[in-house]
Structure formats: C-alpha cells, structure tokens
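Me: Could you walk me through a few backbone and packing details of this model? I'd enjoy taking them one at a time.

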Amino acid sequence: MCFEEPRWLSHISTGSHFEDFVWVLFGESIMEVLRPQLVRIGGRIYRKNPIQEQTYQHEEEDEDFYQGFVECAEEPCDAYEVVQTQQGFRCTVKAPSLLYKHIVGKRGDTRKKLEVETKTSISIPKPGQDGEIVITGQHRGGVISARTRIDVLLLTFRRKQPFTHFLAFFLNEVEVQERFLKFQEEVLEKCSMDHGVDSTIFQNPKKLHLTIGMLVLLSEQEIQQTCEMLQQCKEDFIDDISGGKPLEVEMAGIEYMNDDPGMVDVLYAKVHMKDGSNRLQELVDRVLEHFQASGLIVKEWNSVKLHATVMNTLFRKDPNAL
C-alpha cells in the first residue's frame with residue numbers, strides 16, 4: 001500500500017472510571033491438538049492430554065469424559081482448602097453454571113468415573129442453578145485428586161468457550177477519530193484499485209482501542225470480579241506508574257499481523273509514550289500479569305503487544321470480495 005504513516009495523539013485515562021476499559025465480543029480460541037496443554041493449578045503444572053470427542057445424532061452435542069486424562073499428582077497438596085468432617089473430608093469448587101455440564105458429562109458418565117477413580121462423592125448444582133460443586137470422601141488425597149481433575153476440566157472447557165470480553169483502553173477521542181478518517185480517505189484515494197482494499201475493512205473510528213487481554217467471563221459474578229480486580233490494580237500500581245495523571249501516547253507507523261506481506265489480514269498503528277518512557281508498557285504488562293495470576297486470562301504471552309487495529313479483512317461486509 002502506498003500512503004503516509006498516520007500520526008495521532010491520544011490520552012489514556014488511568015482514573016477510577018473503568019469505562020476506560022472496553023469489553024467487546026471476540027472470536028474463539030483454538031487448542032493445538034498435537035501439543036498437549038500445560039495447565040497451571042495451585043502453583044503446579046499439569047499436562048492435559050487430548051479429549052476424545054464424539055457427536056451423537058439426535059443428542060445435544062457435548063464432550064465425553066477424558067479418554068487419556070491429565071497426569072496429576074496424588075500426593076497431598078496445600079493448594080486447596082480441604083475441611084475435615086465427621087464423615088471424612090470436604091472441598092468445594094466455585095464455577096459458572098454454564099460449565100457444570102462438562103463435569104457431569106453425558107448421562108452422568110464424567111462424574112461417575114471421577115467418583116469411582118478418586119473414591120469420592122461429587123455434588124453438582126442442577127443446570128441453571130448457582131452454587132458450589134461439593135466433593136466429599138473418606139480420604140483427603142482422594143478429595144484433592146478429584147478437585148484437581150475438576151479444575152483441569154473447568155479450565156479446559158473454559159478455554160473452549162468463545163471470548164466474551166476484552167480489556168482495553170479507548171482511543172476514540174475526537175482528534176484521533178478525525179485523523180483516522182483522514183488516513184482512511186488517503187488510503188482509499190491512493191489504493192482503492194489495489195487487491196482487496198475497500199472502505200468496509202477499516203476500523204470504526206469510535207471503536208479504536210488498545211487491547212490488553214482477552215477474557216471469558218461466564219457469569220455476573222466474574223464480571224464483578226473483573227471490575228474489582230481493575231480497581232485493585234489502580235490502587236496497587238496504576239496510580240504509582242501514571243503519577244495519577246493521564247498518559248499521553250502517540251500512534252505513529254503501520255505494521256501488519258503476518259509474516260508474509262502478500263497474505264496480510266490486519267494492519268495496526270504502533271503506539272508508544274510521547275515522552276519516550278516505558279510507563280504504558282509497564283502498566284499494561286502489570287495488569288496482564290495480575291489477571292493471568294487470577295486465571296481470568298490464560299497465560300500465553302509475557303508481555304502485551306501494544307497496537308491499535310486500523311484495518312482488518314474480518315470487517316469486510318462482503319466475505320466473497322477479493
């Protein structure tokens with residue numbers, strides 16, 4: 001493409017109003033089958049073997065219980081709160097009701113196999129009801145084993161859910177929108193005859209943003225937890241990094257999300273602090289680390305790649321257009 005690099009200025013607010021963070025529906029992640037997932041639970045790392053899935057005609061599609069399950073330690077573990085009772089031991093698991101069916105399985109097979117292998121009893125709320133999964137058993141090790149396996153199942157099927165929200169800073173100030181529209185006008189003027197370039201693949205100026213991380217929030221409680229964590233981030237480190245003032249950033253230059261220039265789907269504007277400091281990168285990396293530690297964001301990267309998408313072929317209104 002032949003056009004000048006855009007250069008815009010924007011202010012990122014780090015105040016107490018979390019409208020500065022936007023949550024938007026996004027796509028679905030893909031699990032690499034040939035490389036088993038590594039699952040971090042309670043300070044330990046487990047390998048998650050592939051799950052055998054089948055679809056039965058005239059039945060609701062669901063995942064059967066593991067064929068080759070996680071290699072998990074059976075020795076005592078202090079990561080869980082296990083209470084001793086008169087009947088034995090008890091442990092509870094909080095989870096969104098949407099994921100209950102994956103612990104029950106078809107015809108209850110998943111729960112039954114869990115109970116047999118860990119010598120425990122597992123009580124799960126009925127579909128649509130909120131509550132806790134309760135694990136009871138005569139042996140503490142069995143309760144811990146059941147809890148570990150349930151956690152792995154919950155994490156696995158949470159990862160299979162489409163992203164529902166993402167954390168981001170708005171970059172939709174009037175000046176930024178105006179300069180973005182000028183950029184769009186120049187690109188269309190100079191490149192409208194180029195392969196695949198049309199007005200529909202440009203970002204909506206009102207939706208310009210910097211993404212911090214993707215989330216799967218499956219209940220109102222998890223949304224509330226996210227808001228509380230953002231507030232905690234502000235109190236713990238955001239105010240210190242920003243000095244309690246908005247951060248002025250500059251968007252300058254274009255990069256593409258692909259190793260092959262001939263197969264580009266996404267163009268984004270590079271973003272950096274106008275004063276040349278690394279404060280913005282430090283801030284978003286700390287936020288990402290905080291959410292990864294909570295399990296609300298799956299750890300895939302150690303650092304946030306700051307970018308503002310300006311063109312994306314997924315925005316194209318005519319999917320058959322080339």
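Reply: Happy to! Buried means under 20% relative accessible area, exposed over 50%, and partly exposed in between, with a 1.4 Å probe and protein chains only. This is a predicted model, where local features need pLDDT of at least 70, side-chain atom pairs count only at pLDDT 80 or more, and totals for chains, interfaces and linings use all residues. Residues are numbered from 1 along each chain as its sequence is written, and side-chain values use heavy atoms, leaving out hydrogens and water.

Me: Is Lys119 buried or exposed?

Reply: Lys119 sits in the loop between H2 and strand E6 (120–123); helices (H or I, at least four residues) and strands (E, at least two) are DSSP runs, numbered from the N terminus. Its phi is near 55°, a positive value in a residue other than glycine. With a relative accessible area of 63%, Lys119 is exposed.

Me: What is the relative accessible area of Arg107?

Reply: Arg107 lies in the loop between helix H1 (100–104) and helix H2 (109–118). Phi of Arg107 is positive, near 55°, in a residue other than glycine. Arg107 is exposed, and its relative accessible area is 55%.

Me: At what angle do the axes of helix H5 and helix H6 cross?

Reply: Axes are lines fitted to C-alpha atoms, for helices over the stretch in contact (heavy atoms within 4.5 Å), and angles run from 0 to 180 degrees between N-to-C directions. Those of H5 (residues 220–242) and H6 (residues 279–294) come within 10 Å, and they cross at roughly 150°.
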